Amino acid sequence: MSYKLGQIQHDSSPSESYFDIIFDWGEWGQEKWSQQTPCKIFRLNNIIGRNLSEIMMATPEFLKPSKTFYLDQIMVMFKEQLYSSVLSFGSVALNLGERYPENVSETQQVTILIMCGDSAYFTHDYARAESYYRKALQLYKSLSKGLPKECIPEDSNDVKYKLYLCLMQCKKPKEALNMLQSIPAKSRAVRTNMALGKLYMQNGMERAAITSFKEVLRECPNSMEAIDSLISLGLRDTDLQVFFNHKLNKMPCSEWFYNWIRALHQLFLRDYPSALQILNTLTDHTPLRHNRYMLHTLSLAYTLQGNYEEAVGPLLMCHRQEPANMHGMDLLAFLLWSQKKLFELERLAQRLSEVNYNENRPETWIALGYYGLLVGRTQKGVSFAQRALTCTGTKSFEALVCKGYLLLENKKVQDAAECFRDAIQLCGNRFEPHNGLVNCYLELQRYRDASTIANFAMKKLGQTPRVLTMCAQPLSKDPLNFSKAKSYLDKALQLDKRHLPAVLTLTEILEEECHYDIAVQKLQEYADGGTTGSQVHLRMAHLLSKMSSDDKAADHFTIALKLDPSNRDAREGLNRLDPTANRNTGVNEASQVTSYDIDVDNLDVDDDDDDHDLEGVDNEMDPGIWNAQANF
């Protein structure tokens, strides 16, 4: 359908001017308007100076401009997920609305602004989305003063929540918290309370976090994340029953749910054997045996117990079943680093880098950070750990611990201590940040402060073998406190006679007291009790060399070198005893280093420190590890 405008013809008298409008209706127009419109030509005389609205009254209804045309078209494009088109056409509509509000009203502008903000968010343009949402919120406030609520198309609380999401993506957690707090408590949706609870936990506001998570459970009693958070904040499983009464009666196979809550409560009470028994029951020969969340909880229970070797298995199973799954992979990277499993850590970092194509998840950067720590590239590792902390709007516990260990290895003790303190604030029931902070004070030779931190950790974590050993370490540096340190270590060995750090610390004290024979006896008892690593034999070799038992010392140096061919202390000790012994150890110097495929030099990270001090390390390593991922 089309229409043609004739030219304005001027006669001798202006009053005789006329304006011809010729409508070319087409076949469809003739059928539809044959009865309503007797002719196809309308002659409008003396229209010069008339109002445009009077002219439009003479046109058919379907030719009049629609007052909702722009909004309708934007809604269609948004529904079809044409986000770039929404942004371009929406900007035009907003500009026209400022000049011609009768075509795009202010209420329509609110809706258009929100759809433009959503489109910018979905295209990862978070700063632009934040701008749209703020404009929508400002316009909403001005409309709410003069119009009834039913005339306003959007709820401001929804806009505030969307603005919170943008602020978190823009790394503005404080502004995001203030935005959520501006929503009245009675008007907060479940998602708002969940987000508030997480932010409150991040800032150490435990009471406010408990209140928010409770509000989540009132509406969604099966929210596992809220239940986990409440139990970690100190609520008992019996305190949670009020949220489940008369709400879960229709839940089939509900036994797993209550057993899982019991297991979490046992973890909070530090009754790790009971928690592990329940979790192993849930994951053995049940439909949940391959559930990644249950496997992650099981691995976390082993980690809290200090059994890192057993903790690796469930997370590796998760990774094999779902390679694209990121949940828990940061913990797996830490466990592989603690067990010195370089090959597995290399493969994990490689696969995570393939999945994290947007580089917006911390797990990949944490894995690369631990990888750099394990192979000696600590400067680059610090850059990766920092990237893990800044890639999201919230702090990552595992990223803080990783960065703390890297800084401690670089002798930046004050910075490392700050990382460990932040990690303790985020998750005080984990042993690693407490131990890292104690090691920082030991490095600074502030033994009294280290002992204070260790005693605080014992109150928080309980008297476990590794916590008792940590309490003994600062005391072992002062001869006046040797007896007290021994009491801690004896208690730790009573709980677990195979706890290696306690045995090593005890032998250090005995060595300072010149009781070499007793120290060797302790190490021999440990070696006879089961499999041992290179540390035990290396320690025995040093003690035997001080006892002038060079032959036995050489034997233990050789055993340590075979168990760990890259152990430089064992090689240097063997060379001191017999310079020709290195030829007969059967260990090839060049075989100490294997080749790896992960690139880190070409990754886009900030590394302000010079790497000239790492040239020696680079010469020993396959350069492919730092150059293989230009397209990360």
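1. Phenylalanine 257 and tyrosine 258. The model discussed here is a predicted one. Tyrosine 258 has a relative accessible area of 28% and is therefore partly exposed. Phenylalanine 257, by contrast, has a relative accessibility of 0% and counts as buried.

2. Overall make-up. The protein comprises 632 residues, of which 46% count as buried. Its secondary structure consists of 32 helices and three strands. When contacts between residues at least 6 apart in sequence are considered, 56% of them join residues at least 24 apart.

3. Aromatic pairs. The structure contains 18 aromatic pairs. One of them is formed by tyrosine 70 and phenylalanine 89, whose rings are stacked, with 5.5 Å from centre to centre and 25° between the planes. Because tyrosine 70 belongs to helix 3 (residues 69-79) and phenylalanine 89 to helix 4 (residues 83-99), this pair ties together parts that are 19 residues apart in sequence. Tyrosine 70 is partly exposed, at 22% relative accessibility. Phenylalanine 89 is also partly exposed, with a relative accessible area of 26%.

4. An edge-to-face pair. The residues of the opening point, phenylalanine 257 and tyrosine 258, form an aromatic pair with ring centres 5.8 Å apart. Their planes stand at 75°, and since planes over 60 degrees apart count as edge-to-face, the pair is assigned to that class.

5. A ring cluster and charges over rings. Tyr308, Phe334, Trp337, Tyr370, Tyr405 and Phe420 are linked into a cluster by ring pairs. Elsewhere, arginine 498 is placed over the face of tyrosine 526, at 3.9 Å from the ring centre.

6. In soluble globular proteins, nonpolar side chains tend to be buried together. The largest nonpolar core of this model has 161 residues, and Ile227, Leu240 and Tyr370 touch the most other members. Helix 21 (residues 397-409) supplies the largest share of this core, namely nine residues. A second, separate core has eight residues, among them Leu538, Ala554, Ala570 and Leu574.

7. What surrounds tyrosine 370? Leaving aside residues up to four places away in sequence, tyrosine 370 touches Ala333, Phe334, Trp337, Leu345, Glu398, Val401, Cys402 and Tyr405.

8. Helices 17 and 19. How do the axes of helix 17 (residues 329-338) and helix 19 (residues 362-375) lie, and at what angle do these helices pack? The axes are 8 Å apart and the packing angle is about 10°. Helix 17 is therefore roughly parallel to helix 19. Helix 17 contributes Met329, Asp330, Ala333, Phe334 and Trp337 to the contact, while helix 19 contributes Glu363, Ile366, Ala367, Tyr370, Leu373 and Leu374.

9. Helices 23 and 25. The axes of helix 23 (residues 431-443) and helix 25 (residues 465-475) come within 10 Å and cross at roughly 10°. These two helices are therefore roughly parallel to each other. On the side of helix 23 the contact involves Phe431, Glu432, His434, Asn435, Val438, Asn439 and Leu442. On the side of helix 25 it involves Arg466, Val467, Met470, Gln473 and Pro474.

Terms used: Residues are numbered from 1 along each chain as its sequence is written. This is a predicted model: local features need pLDDT of at least 70, side-chain atom pairs count only at pLDDT 80 or more; totals for chains, interfaces and linings use all residues. Side-chain values use heavy atoms; hydrogens and water are left out. Rings of Phe, Tyr and Trp (its six-membered ring) pair if their centres lie within 6.5 Å; planes under 30 degrees apart count as stacked, over 60 as edge-to-face and the rest as tilted. Helices (H or I, at least four residues) and strands (E, at least two) are DSSP runs, numbered from the N terminus. Buried means under 20% relative accessible area, exposed over 50%, partly exposed in between (1.4 Å probe, protein chains only). A charge sits over a ring if NZ of Lys or CZ of Arg is within 6 Å of the ring centre and within 35 degrees of the ring normal. A nonpolar core is a set of buried Ala, Val, Leu, Ile, Met, Phe, Trp, Tyr and Cys residues joined through side-chain atoms within 4.5 Å. Contact means heavy atoms within 4.5 Å. Axes are lines fitted to C-alpha atoms, for helices over the stretch in contact, and angles run from 0 to 180 degrees between N-to-C directions. Angles under 35 degrees count as roughly parallel, over 145 as roughly antiparallel, 65 to 115 as roughly perpendicular and the rest as oblique.
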